[in-house]
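Hello,

Here is the structure I promised to pass on to you. Please have a look at it first, and then read my notes below.

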Amino acid sequence: AYTSGITGVTFNSALTKVSDYMFYNSADLAGIDFGNVTEIGNYAFYGCTALREVVIPDAVTEIGESVFRGCTGLVSVTLPDGLDSVPMYMFYGCTSLAGIDIPESVTEIGDYAFYGCGSISEFDFKNVEAVAVYAFVGTDLEEVDAPKLKVVGSAAFGELPLVSVNLPEATEIYSYAFYNCGSLSSVSVPK
């Protein structure tokens, strides 16, 4: 799509899908009104560096991968209730992202979902049961308190300033899950 000059988009009531790559690298896009959209395609808003805040309505039930990848200006996101997973690469490289509202329905965080999101210093894991590979590498998390987390993918929490980890329900923790976490001093997992 490589559009330029578009600063805002409002989807009319007839449109239900934002197509793959629809606003790819639309650097000036600063506002989105999703209208009646129920599906957001892969890379739909990739590289939209002017986006600051996104509220995805509850009507959205399908979200592709890398939707907001590289949106370096993105500060806060509200995900729709009913969403069961944060897709792979969804916020990869969103360096300004500090606030993310994860609904109770989310049980899985996909591969590289928050990779390089250096402004995330807190994350409410609520009902998350699985965190995939490299999901939080490059964030600023100091604590992981995930009461329902069962599966921790390879390097899921690598290279973090982690101090403490509490995973009372963990059943699988894959290799390098906490690699290069030099400040980690407390880990609690089932016996």
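**What I found**

Lys126 has a relative accessibility of 22%, so Lys126 counts as partly exposed. Please keep in mind as you read that this is a predicted model. You will find Lys126 in the loop between strand E10 (108-109) and strand E11 (130-131). The backbone is worth a look there: Lys126 is not a glycine, and still its phi is positive, near 35 degrees.

Tyr43 sits in the loop between E4 and strand E5 (53-55). Is Tyr43 buried or exposed? With a relative accessible area of 18%, Tyr43 is buried, because the cut-off for buried is under 20%.

Next, the sheet. Three strands form an open sheet with parallel pairing, and their order is E2-E4-E6. Strand E2 (17-18) and strand E6 (62-63) are the edges; each has a single partner strand, so one side of each has no neighbour in the sheet. Strand E4 (residues 39-40) is joined to E6 by 2 bridges in the parallel sense.

The largest nonpolar core holds 58 residues. Which of them have the most contacts inside it? They are Phe45, Phe68, Phe91, Ile109, Phe114, Phe136 and Phe157. I looked at Phe45 in particular: leaving aside neighbours within four places in sequence, its contacts include Phe11, Val18, Phe23, Leu29, Ile40, Val67 and Phe68.

Not counting residues up to four places away in sequence, Pro161 touches Thr139, Asp140, Leu141, Glu142 and Ser183. Gly138 and Pro161 are 23 residues apart in sequence, and their C-alpha atoms are 9.4 Å apart in space.

Last, the surface. Ile173, Val187 and Val189 make a nonpolar patch of about 230 Å². Of these residues, Val187 has its place in strand E16 (residues 186-188), and its relative accessibility of 47% makes Val187 partly exposed.

Enjoy exploring, and do write back with any questions.

Best wishes

Methods. Residues are numbered from 1 along each chain as its sequence is written. This is a predicted model: local features need pLDDT of at least 70, side-chain atom pairs count only at pLDDT 80 or more; totals for chains, interfaces and linings use all residues. Side-chain values use heavy atoms; hydrogens and water are left out. Patches are made of residues with over 30% relative accessible area and no salt bridge: like charges are joined within 9 Å, nonpolar side chains (Val, Leu, Ile, Met, Phe, Trp, Tyr) within 5 Å. Accessible areas come from the Shrake-Rupley method with a 1.4 Å probe; for residues, only the protein chains shown count as cover. A salt bridge is a side-chain nitrogen of Lys or Arg within 4 Å of a carboxyl oxygen of Asp or Glu. Helices (H or I, at least four residues) and strands (E, at least two) are DSSP runs, numbered from the N terminus. Buried means under 20% relative accessible area, exposed over 50%, partly exposed in between (1.4 Å probe, protein chains only). Two strands pair if DSSP finds at least two bridges between them. A nonpolar core is a set of buried Ala, Val, Leu, Ile, Met, Phe, Trp, Tyr and Cys residues joined through side-chain atoms within 4.5 Å. Contact means heavy atoms within 4.5 Å.
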